[in-house]
Amino acid sequence: MCRGSSSLYSLGGKLLSSGNLMSPPLLGVGEGQSNVSVVSSPSVDGSCQNGSGLKERNYMGLSDCSSVDSSAISGLAEENKSSLNLKATELRLGLPGSQSPERDPELCLLNPGKLDEKPLFPLLPSKDGIYSSSQKAVVTGNKRGFSDAMDNFSEVKSAVFTEGNWMFPTVGSDSETSQSKPQGKFHVSPGVNAILPVRPSLNSGVKSASAKEHSGTQPGMKKDIVPLKPRASNETGHNTIGASNNNTSAPAAKAQVVGWPPIRSFRKNTLATTSKNNDEVDGKPGPGALFVKVSMDGAPYLRKVDLRTYSAYQELSSALEKMFSCFTIGQCGSHGAPGREMLSESKLRDLLHGSEYVLTYEDKDGDWMLVGDVPWEMFIDSCKRLRIMKSSDAIGLAPRAMEKCRNRN
Amino acid sequence: MAYSFPEEVLEHVFSFIQDDKDRNAVSLVCKSWYEIERWCRRRIFVGNCYAVSPRIVMRRFPELRSVSLKGKPHFADFNLVPEGWGGYVYPWISAMAEAYPWLEELRLKRMVVTDEALELISRSFKNFSVLVLSSCEGFTTDGLAAIAANCRNLRVLELWECEVDDRSGNWLSHFPESCTSLVSLSFPCLDGEVSFSALERLVSRCTNLRTLRLNNSVPLDKLPNLLRRAPQLVDLGTGAYTAELRPELYSKLGDAFAGCKGLKSLSGFWEAVPSYLPATYSICAGIRSLNLSYATIQSPDLVKLIRQCPNLQRLWVLDYIEDCGLNALATTCKDLQELRVFPSDPFGVEANVSLTEQGLVSVSEGCPKLQSVLYFCRQMSNAALFTIARNRPNLTRFRLCIIEPRAPDYLTLQPLDAGFGAIVENCKDLQRLSLSGLLTDRVFEYIGTHAKKLEMLSIAFAGDSDLGLHHVLSGCNSLRKLEIRDCPFGDQALLANASKLETMRSLWMSSCSVSFEACKLLGQKMPSLNVEVIDERGSPESRPESLPIDKLYIYRTIAGPRCDMPSFVWNMGERSALRFS
């Protein structure tokens, strides 16, 4: 059916609106396609006209207009503050008293200068994949939008941490020299690898995976913890998100967009295995993605993470914190009354320090090991799945891990 | 209303009508035909398990024998749908266990299937014979063991790209010795080992076995034994196709293949070693379908194999085949209907192989029956697309993935609008299209104008404005499934074409510019749609309404809002809206 009405669009690619659009005709389109009067898109020419209230934003959350509507911004900042109450309740994985690296959600909106510090999980949406048409106009195959599209909330790719708080109990600071063998001078920290606050009233209909997979524990065994070989997160360039996403071409190894190229996980994982076997990838960054499932005791459903997007345990730990924080205090929004979202301070504290979790993984042999015992590369080579389990269930894992390490070496 | 024929006669007539669409048409003729038809409908396909409820299905069709269900949206294949989204099959199984004790066939795609569900299937349906699970997850080999053990008449057990927790390889041993009914056994996606002796015995006693697709754990030296026990095989998926060069294994393999004179389809070839490929040559003349997409073999060896297969109709291969290999394909395989070329190194920055748009152009020139294309490449030009469109107006499925998002025509640096425009203009029967590369609103104008038979459209990193989406929604008359990611489409086109959504199965939009406000409006005004907002950042209520939501999934339904939404999915409908206030 040929569209005769030329007022709807012009072949020059520019947009025309039929008159000045007053309100979008929502349901007047009962008759079908050609009745619609459409659609004046906001800021086609990079102008700031914004009839629909939709502001074009680049990934930092800033409007592209040079003359920013300050009232709008402060309005949003208000929103920011009220939802900041939740910040204190955010999931922490670390030794008691340690702080996860500072996350300032206001960064994305109010600090245009800090371009190289990308907020991990801004409460305001930085525009995923949306970029104004002014960027679009550059027809040189530039990859700016590509970086934009990398903003993704479900698979967090951490920013660079210059100092981290280790999730895994290395004693003292994390700047120790690399040692992969256990040494007597590292004393055991009393049992806490991670703190994961959990919403008390989780869906109890969920069968905890722990029952079947949990191998026998030996209570009373002390854990020897192997300190991690610290890795500069800069090493694997493809994990960092360059905030300066300008027209410079892709770096040697580029960051990955979730779900792009559109290849099924099965195929991706198989390719990764095959190419490793063929010894073709010496010196190249790890091929493909490596999705593993992450379950958490008591959580109603699993998550998946791509291990190749992290280059260190600490990035992984931060990402998991965020991912599973929605199983804590109402962060992911309940279907119920808003009142449930806010807990009292004392309850909060209880949750934060009350339950203790550790991160474990199942390796290729089917054994469950504590995460953090082996160098990162070895870990992603052998990790088949992750599980955040109660530390009481995890006692006894460490000694086996030690044995394995010794046997390997 | 006078009845011209007794019911039995009409029923008999209807029994010759198998196609769903025809059956639906029959049921609309008059009330009595509706009644007769619904009592004698035996198979049903539900393209979206949430479009209808088990109860509604069972009420209308009391005598089904075969049910097909699809769950998650297609983009779940690429990890865009968070875990826990839904698609649980258990409620269906438990309802069917009561309503359809004579159920025989179940085909599930992108659903969450638990061991409990499998066990329930195995116990509830006495005549159960066909289980096909595609892209499903949530079960373990224990569930498979239950199926093997309890389904006395099992004919088909096929697992396609499922995520299965492998507890042990003994599930195969649970097929009782009395089981001889298997016609198709397919488990290439399983990780773990299977018991060879059990497998061999099973294959030996199932003399009607036509399809056998093994997993990677079955080593090459076991293959000749299996083939010798199943010379009637039509479809074979090898296990690992690698071994040290051993002449006696090679000749055993060659003999074994030669014994399977009816083989039409080959797949598997995990870790394939080129020297063993010629063992298949004796049967290659009969091969119609070849899946080499897991074989990291280089072009020369691929070409040697392909030259043996002049009757090839379908080829799936990695881009190791390169342009020269595709040239060879174009000269050899004149019956080729379907070509899929997958990337061997999708995340590498530089091309690792010499595969360009030329390969596809050659095939489009040389293969007059080519209908279906899935092609991953790193460069494309409008000129090439023009040529392909001109050569192959009979294309029905065209999925092009240029690996770099928004890559322009590499020759002219222009958008690829005109090229795709040529495709939709020339290929008048195009049913499925996936776009990539640099694209403006113009391409959507072409699509809206010409792609009148298009049923499924996938868009990523494309377009400039709502006008693009509007073109598609208002122009594509046959559109059923639309999936969009990372495009600057917002509220207006969506709201303006709201009623179009009722004529489609589903719409997926992620990382676009649709505001929460618009979603609410849509959900409230369109009761026959489920407008689901997926946002893992927390409730959209906690942000200004004008801000875009993360992911949106809209589908038509007669079942109302679903009850199994996880905490990161919100239904925008009237009833749900009350919960927000």
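## Close-up views of a predicted two-chain model

**Figure 1. An aromatic cluster in chain B.** Tyr50(B), Phe75(B), Phe78(B), Trp85(B), Trp508(B), Tyr553(B) and Tyr555(B) together make up one aromatic cluster. The model is predicted, so local features are given only at pLDDT of at least 70 and side-chain atom pairs only at pLDDT 80 or more, whereas totals for chains, interfaces and linings use all residues; side-chain values rest on heavy atoms, without hydrogens and water. Residues are numbered from 1 along each chain as its sequence is written, while chains are lettered from A and ligands numbered from 1 in the order in which they are written. A pair of aromatic rings is described by the distance of the centres and the angle of the planes. Rings of Phe, Tyr and Trp (its six-membered ring) pair if their centres lie within 6.5 Å; planes under 30 degrees apart are stacked, those over 60 are edge-to-face, and the rest are tilted. Over all chains, 24 aromatic pairs are counted by this rule. One of them joins Tyr553(B) and Tyr555(B), which are tilted, with 5.3 Å from centre to centre and 45° between the planes. Tyr553(B) is buried, at a relative accessible area of 4%, and Tyr555(B) is buried at 0%. Here, buried means under 20% relative accessible area, exposed means over 50%, and partly exposed lies in between (1.4 Å probe, protein chains only).

**Figure 2. Arginine charges over aromatic rings.** A charge sits over a ring if NZ of Lys or CZ of Arg is within 6 Å of the ring centre and within 35 degrees of the ring normal. Arg562(B) lies over the face of Trp85(B), 4.4 Å from the ring centre; Trp85(B) is also a member of the aromatic cluster. In another such arrangement, the charged end of Arg267(A) is placed over the ring of Tyr294(B), at 4.5 Å from its centre.

Figure 3. Trp260(A) and Pro261(A) are joined by a cis peptide bond, with omega of about -5°. Pro261(A) belongs to the loop between α5 (210–213) and α6 (265–277) of chain A. Helices (H or I, at least four residues) and strands (E, at least two) are DSSP runs, numbered from the N terminus. In chain B, Glu322(B) is not a glycine, yet its phi is positive, at about 60°; this residue lies in helix α13 (residues 322–332). Ser511(B), also a residue other than glycine, has a positive phi near 55°. Ser511(B) is located in the loop between β20 (506–510) and α20 (516–525) of chain B and counts as buried, at 9% relative accessibility.

Figure 4. A disulfide is a covalent bond between the sulfur atoms of two cysteines. With a pair of cysteine sulfur atoms within 2.5 Å as the criterion, the structure holds 0 disulfides over all chains. Cys40(B) is buried, with 8% relative accessibility. In helix α3 (residues 31–40) of chain B, Ser32(B), Ile36(B), Glu37(B) and Arg38(B) are buried along with Cys40(B). The buried residues of α3(B) pack against α1 (7–14), α2 (20–27) and α4 (54–60) of chain B.

**Figure 5. The covered helix α16 of chain B.** Helix α16 (residues 417–426) is mostly covered, with 7 of its 10 residues buried. The buried residues are Asp417(B), Gly419(B), Phe420(B), Gly421(B), Ala422(B), Ile423(B) and Val424(B). Their cover includes α15 (382–391), β16 (397–402), β17 (432–434) and α17 (441–450) of chain B.

Figure 6. Phe175(B) lies in the loop between β7 (163–165) and β8 (184–186) of chain B. Is this residue, Phe175(B), buried or exposed? At 2% relative accessibility, Phe175(B) counts as buried. Which residues is Phe175(B) in contact with, leaving aside its neighbours within four places in sequence? They are Ala148(B), Leu154(B), Leu157(B), Leu182(B), Leu202(B) and Arg205(B), where contact means heavy atoms within 4.5 Å. Leu435(B) is 260 residues from Phe175(B) along the chain, and their C-alpha atoms are separated by 45 Å.
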